[in-house]
Amino acid sequence: MVRGRGFTAQDTATSPQVAVVNQAFVKRFFPNQDPIGQHFGIDFPQYSGSWEIVGVFADFKMNSPRDAVRPVYLRPLAQRFPGYKEDEMKAGETQSMFINSMILRFNTPQQNADALIRQTLAGIDPNLTVRDLRAFDEQVAGNFEGERLVAQLSSLFGILSLILASVGLYGVMSYFVARRTSEIGIRMALGATRSSVVGMVMRGALWQVIIGLCLGIPASLYAGHLMKSFLYGVGSYDWMALAGAPLMLVLCATAAGFIPARRASSIEPMQALRTE
């Protein structure tokens, strides 16, 4: 359970102890009930009814996107619970009333926001020290450094795989042309045109790509389904990636197969017939 101080209220010993909870809190502790007006407590049985629920907010993840949503309750920032009798509980309650961090939101973009924030906080309390000041987007992005590194490495490996596939296809097609040099010479001697020779070689190259795509696309769809739980903000299937990767592979395969095809079409019939 996560405890937080999230909204302001008057600090009086007689004020009711109130809190707001998230949806996960309600589902776990008050299923199929109206949570408003219900009471709960923490730590010890004698404090079981110390706080009254006055609101429910939507679930959110605190830090890691892979962590499950946990029950969360927020208490007023200035509300102090006077009922604790244990020294350690009193110390914890006192410490919880200090602000460790805050989020500032501007209605319009501000120039020199850093200096403006520091000046405003210094006007409230000159002894207040700002240890870390960063944009909220930067704070959120810091939680995805591992995922970003994995994505960059995956992209690098994908590009490397594409290069290796193109080089391999070029080698296979070069070997294919070398083995069929005599056949190509006979075809050209019997009247085959250069364009028909190029088409024959390119068909051989593209058929290999088509067979590979027929095996690879279903495998990638299945792998995306298995990896769904590891992705954040990304669906199981990225149709642009599924369409772009095969298109890129076809283009690379076409370029890799065209060079041997062009070489095959330039073979002189007599020279090809003499080749064993």
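Predicted model: local features only at pLDDT ≥ 70, side-chain atom pairs only at ≥ 80, totals over all residues.
With a relative accessibility of 39%, Asp-114 counts as partly exposed.

## The chain as a whole

Let us step back for a moment. The protein chain contains 9 helices and 5 strands. Following the sequence, the order of elements is β-β-α-β-β-β-α-α-α-α-α-α-α-α.

Of the 276 residues in the protein chain, 25% are buried. The accessible surface amounts to about 19,100 Å², and carbon and sulfur atoms account for 61% of that area. As for the contacts in the chain with a separation of 6 or more, 70% are between residues 24 or more positions apart.

## The other salt bridges

How many salt bridges does a search of the whole structure find? The search finds 3. Side chains of opposite charge can pair when their charged atoms come close. Are Glu-93 and Arg-75 buried or exposed? Both of them are buried.

Asp-132 and Arg-134 form a salt bridge too, with their closest N and O atoms 2.5 Å apart. In that pair, Arg-134 is partly exposed, at 42% relative accessibility.

Where does Gln-17 lie? You will find Gln-17 in the loop between β1 (2–7) and β2 (18–22). Although Gln-17 is in a loop, this residue counts as buried because its relative accessibility is 10%, and the cut-off for buried is under 20%.

The surroundings of Gln-17 are worth a look. Setting aside residues up to four places away in sequence, Gln-17 touches Ser-50, Trp-51, Glu-52, Arg-75, Gln-79, Arg-80, Phe-81 and Pro-82. Gly-49 is 32 residues from Gln-17 along the chain, and the C-alpha atoms of the two are separated by 9.7 Å.

## Two residues with positive phi

Most residues other than glycine have a negative phi. Asp-43 has a positive value, with phi near 75 degrees. Asp-43 is placed in the loop between β3 (39–40) and β4 (51–57), and at 51% relative accessibility this residue counts as exposed.

Asn-112 also has a positive phi, of about 55 degrees, without being a glycine. The loop between α2 (87–95) and α3 (113–124) holds Asn-112, and the residue is exposed, with a relative accessible area of 63%.

## Helix α6 against helix α7

Two packed helices are described by the angle between their axes and the distance between the axes. For helix α6 (residues 181–189) and helix α7 (residues 194–226), the axes come within 10 Å and cross at roughly 145 degrees. The crossing of α6 and α7 is right-handed. On the α6 side, the contact is made by Glu-183, Ile-184, Arg-187 and Met-188, while α7 brings Arg-194, Val-197 and Met-200.

Is Ala-205 buried or exposed? At 0% relative accessibility, Ala-205 counts as buried. Leaving out neighbours within four places in sequence, Ala-205 is in contact with Leu-169, Met-173 and Gly-257. Ala-205 and Ala-256 are 51 residues apart along the chain, with their C-alpha atoms separated by 8.5 Å.

## A nonpolar patch on the surface

Which residues form a nonpolar patch on the surface? The patch consists of Leu-149, Leu-153, Leu-156, Phe-157, Leu-160 and Leu-164, and together these residues have about 600 Å² of accessible area. One of the members, Leu-156, is found in helix α5 (residues 145–179). Leu-156 counts as exposed because its relative accessible area is 52%, and exposed means over 50%.

Note on methods
Residues numbered from 1 in each chain as written. Heavy atoms only, no water. Patch = residues over 30% accessible without salt bridge, like charges linked within 9 Å, V, L, I, M, F, W, Y side chains within 5 Å. Areas by Shrake-Rupley, 256 points an atom, 1.4 Å probe, with all protein chains shown as cover. Salt bridge = Lys/Arg side-chain N within 4 Å of Asp/Glu carboxyl O. Helix = DSSP H or I, 4+ residues; strand = E, 2+ residues; numbered from the N terminus. Buried < 20%, exposed > 50% of the residue type's maximum accessible area, 1.4 Å probe, protein only. Axes fitted to C-alpha atoms, helices over the stretch in contact; angles between N-to-C directions. Left-handed = near helix turned anticlockwise from the far one by under 90°. Contact = heavy atoms within 4.5 Å.
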